[in-house]
Structures are given as structure tokens and as C-alpha cells.
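Hello,

Here is the structure we talked about passing on. Please have a look, then read my notes below.

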Amino acid sequence: FSKYPSVPLTALRTDISTKMLLAGSKEGHIMRWSIASFLEDPQNSKNQIKEELCWRAHSNEVVDLFHEGEKNVVVTASIDGSVRLWHAMNGYYLGYFGQPRKFELSDISRLILPCDVNNIPTVIKEESKHLEKKKKFEYPLVLDRDK
């Protein structure tokens with residue numbers, strides 16, 4: 001269940017513990033899925049692969065990416081030659097390789113976007129499959145001439 005229509009995937013990687021799957025697309029998006037519960041017991045239909053986050057990383061095709069677990073960052077490379085650094089949990093932009101300043105990995109609260117990207121990261125929330133039954137209330141229309 002993605003905000004974006006399906007497009008060809010051009011890069012796939014997992015984290016070192018194989019709990020998270022990252023994919024790059026032909027249109028420059030990065031998608032993050034949780035795959036841990038599915039890999040533990042794929043026969044159990046309750047354990048599904050869940051998309052958790054999607055963000056636009058580049059304006060062109062993503063050709064490669066990897067996850068660095070210690071700092072919890074994703075490095076992406078595009079067909080346009082740019083290599084960018086992102087926070088893995090929220091998709092926030094941290095910088096690009098070749099920038100004049102050092103990467104600031106401690107402050108991940110500010111949302112900054114590269115100049116060619118204007119979409120903020122989309123957090124995919126799992127909708128409840130068990131909807132509670134709502135109480136039915138009747139409100140009959142009654143004409144009260146005194147009021």
C-alpha cells in the first residue's frame with residue numbers, strides 16, 4: 001500500500017540483521033519495508049511485509065543504495081551522479097557527498113530537502129483491519145412548532 005503507483009525497482013538492499021528491506025525506484029523514490037516478522041514465519045498469514053516509509057531521494061533513477069546500521073543512515077546514488085545521505089528511520093535528508101560542510105548526524109529533527117526534491121517523506125501507517133462496530137443512533141426529525 002504505497003502512496004505512489006508501482007514503478008520499476010532499480011536497487012534492493014537489506015540491513016545487516018535482515019529486518020528492513022530498502023528499495024530504490026526508477027523515479028527516484030526510496031521505500032522501506034519491515035520484513036522481520038515475515039522472515040521468521042512466512043507460513044503465518046498474519047506475518048506480512050509492511051511498507052513503513054517512502055521518500056523522494058532523487059529526481060532521477062536510483063542506481064544503488066545501502067544501509068549503514070551503526071549510524072542508521074541510508075546512502076543513495078542516482079543516475080545523475082549525486083550521492084546522498086538520509087536518516088533511515090524518518091527519511092530526512094542529511095546531505096550529499098562533496099558538500100563543503102561536515103555531515104551533521106546528531107540533529108535529525110529538522111526536515112531539510114535537496115534542491116531538486118519537494119516531497120516530504122511519507123510514513124505508511126497500518127490501518128486497523130478490525131473495525132469496531134459503531135453504535136447506531138437514531139435522530140428522527142420531529143417538527144416542534146413551539147420552538
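**The cores**

The largest nonpolar core has 13 residues, and Leu22, Ile30, Trp55, Leu65, Val74 and Trp86 touch the most other members. The elements that give two or more residues to this core are β2 (20-25), β4 (50-56) and β5. Another core lies apart from it, with five residues, among them Ala23, Trp33, Ile35 and Cys54. By nonpolar core I mean a set of buried Ala, Val, Leu, Ile, Met, Phe, Trp, Tyr and Cys residues joined through side-chain atoms within 4.5 Å. Buried means under 20% relative accessible area, exposed means over 50%, and partly exposed is in between (1.4 Å probe, protein chains only). In soluble globular proteins, nonpolar side chains tend to be buried together.

Take Val74 as one of the core residues. Leaving aside neighbours within four places in sequence, Val74 is in contact with Leu22, Trp55, Phe66, His67, Arg84, Leu85, Trp86 and Ala88. Contact means heavy atoms within 4.5 Å.

**Before you read on**

This is a predicted model: local features need pLDDT of at least 70, side-chain atom pairs count only at pLDDT 80 or more, and totals for chains, interfaces and linings use all residues. Residues are numbered from 1 along each chain as its sequence is written, and side-chain values use heavy atoms, with hydrogens and water left out.

**The chain as a whole**

The chain has one helix and nine strands. Along the sequence, the pattern reads β-β-β-α-β-β-β-β-β-β. Helices (H or I, at least four residues) and strands (E, at least two) are DSSP runs, numbered from the N terminus.

Of the 147 residues, 34% count as buried. The chain exposes about 10,600 Å², and carbon and sulfur atoms supply 54% of that area. Accessible areas come from the Shrake-Rupley method with a 1.4 Å probe; for residues, only the protein chains shown count as cover. Among contacts between residues at least 6 apart in sequence, 38% join residues at least 24 apart.

**The sheet**

Four strands form an open sheet. Their order is β5-β6-β7-β8, and the pairing is antiparallel. Two strands pair if DSSP finds at least two bridges between them. β5 (62-68) and β8 (93-96) stand at the edges, each with a single partner strand, so one side of each is left without a neighbour in the sheet. The twist averages 20 degrees from one strand to the next. Axes for this are lines fitted to C-alpha atoms, for helices over the stretch in contact, and angles run from 0 to 180 degrees between N-to-C directions.

β5 pairs with β6 (residues 73-78) over six bridges, in the antiparallel sense. Val62 has Ser78 in β6 as its bridge partner.

**Salt bridges**

How many salt bridges does the structure hold? There are four. A salt bridge here is a side-chain nitrogen of Lys or Arg within 4 Å of a carboxyl oxygen of Asp or Glu.

- Arg13 and Asp64 meet through their side chains at 2.7 Å, N to O. Arg13 lies in strand β1 (residues 9-14) and Asp64 in strand β5, so the pair ties together parts that are 51 residues apart in sequence. Arg13 is partly exposed, at 35% relative accessible area, and Asp64 is partly exposed at 34%.
- Glu61 and Lys26 meet at 3.6 Å, N to O. Glu61 sits in the loop between β4 and β5, and Lys26 in the loop between β2 and β3 (29-34), 35 residues apart. Glu61 is partly exposed at 21% relative accessible area, and Lys26 is partly exposed at 46%.
- Arg32 pairs with Glu52, with the closest N and O atoms 3.0 Å apart. Arg32 is in strand β3 and Glu52 in strand β4, 20 residues apart. Arg32 counts as buried at 7% relative accessibility, whereas Glu52 counts as partly exposed at 29%.

**Backbone notes**

Two residues to look at in the loops. Thr18 has a positive phi of about 55 degrees although it is not a glycine. Thr18 is in the loop between β1 and β2, and counts as partly exposed at 34% relative accessibility. Asn72 also is not a glycine, yet has a positive phi of about 60 degrees. Asn72 is found in the loop between β5 and β6.

Best wishes
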